[in-house]
Amino acid sequence: MGKRYHCEYCDKTLVAAPSTIRTHNNGAVHQKLVNDHYQQFKDPETILEEESSKRPCTRYITSQCPFGSICRYSHYTPEEINNLKYYVAEKNKLQTKKPVSFGDIYEKFIVDNTTQLTTKENESVIYDSNGYTHILPWAYNPIFDNYSDLPPSIKRLKMSDFDNINIVTWG
């Protein structure tokens with residue numbers, strides 16, 4: 001039967017002769033399908049550049065253009081080209097913003113962490129009547145202050161809770 005060539009774009013199988021493959025690849029249907037395939041991967045800047053240099057296709061307006069994506073004229077309306085220009089301009093605006101440097105990220109990280117540490121330290125410090133400062137090894141969640149009937153394991157500790165306490169057994 002001989003060797004066969006399969007075109008992925010056209011989904012056709014041909015005799016694997018160089019002249020047949022060349023004729024097929026130069027055909028309008030094959031070029032249209034290849035162009036349709038790669039059109040989906042083009043970025044808006046490239047599409048805008050290609051389409052803004054073309055004149056509008058008069059046959060496409062009446063839905064009679066047989067060339068489709070390989071037409072030498074533009075199939076975009078002026079409104080679509082303007083929308084594309086606006087989109088590209090907005091995209092470029094976002095890209096031209098000043099990039100954040102490593103130093104800025106580090107400074108923000110240090111400031112955030114020191115702020116969190118000071119608030120956590122203030123929440124986990126107890127001062128007793130003798131002037132001693134007790135720093136608890138955990139941070140208390142201030143949301144629990146809104147509830148009155150919490151179990152003792154979740155309540156905020158106060159020094160008054162330890163006044164007049166009689167510990168009989170330990171452990």
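Predicted model: local features only at pLDDT ≥ 70, side-chain atom pairs only at ≥ 80, totals over all residues.
Strands here are DSSP runs of type E with at least two residues, helices are runs of type H or I with at least four residues, and both are numbered from the N terminus. Residues are numbered from 1 along each chain as its sequence is written, and side-chain values use heavy atoms, with hydrogens and water left out.

Two strands are said to pair if DSSP finds at least two bridges between them. The hairpin of β1 and β2 has 4 residues between the strands. Aspartate 11 is found in that loop, and its phi is positive, about 55 degrees, although aspartate 11 is not a glycine. With a relative accessible area of 59%, aspartate 11 is exposed; the classes are buried under 20%, exposed over 50% and partly exposed in between, with a 1.4 Å probe and protein chains only.

A second residue of this kind is serine 63, which is not a glycine and has a positive phi near 60 degrees. Serine 63 is found in the loop between α4 (58-61) and α5 (78-95). It counts as exposed, at 68% relative accessibility.

Which aromatic rings pair in this model, and how are they arranged? The whole structure holds 1 aromatic pair. The rings are those of tyrosine 9 and tyrosine 38, with centres 6.2 Å apart and planes at 50 degrees, so the pair is tilted. Because tyrosine 9 lies in the loop between β1 and β2 and tyrosine 38 in helix α2 (residues 28-39), the pair ties together parts that are 29 residues apart in sequence. Tyrosine 9 counts as partly exposed at 34% relative accessibility, and tyrosine 38 counts as partly exposed at 43%.

I turn now to strand β3, residues 125-127, where tyrosine 127 lies. Tyrosine 127 counts as exposed, at 59% relative accessibility. Leaving aside neighbours within four places in sequence, tyrosine 127 is in contact with Tyr132, Thr133 and Met159, where contact means heavy atoms within 4.5 Å. Tyrosine 127 and methionine 159 are 32 residues apart along the chain, and their C-alpha atoms are separated by 7.1 Å.

Finally, the protein as a whole. It has 6 helices and 4 strands, in the order β-β-α-α-α-α-α-α-β-β from the N terminus on. The radius of gyration is 37 Å, whereas a compact globule of 171 residues would have one near 16 Å; the radius is taken over C-alpha atoms, and the globule rule is 2.2 Å times the number of residues to the power 0.38. Along the principal axes, the C-alpha atoms fill a box of roughly 100 × 50 × 35 Å. Of the 171 residues, 16% count as buried.

How values were computed:
Phe/Tyr/Trp six-rings, centres within 6.5 Å; stacked < 30°, edge-to-face > 60°.
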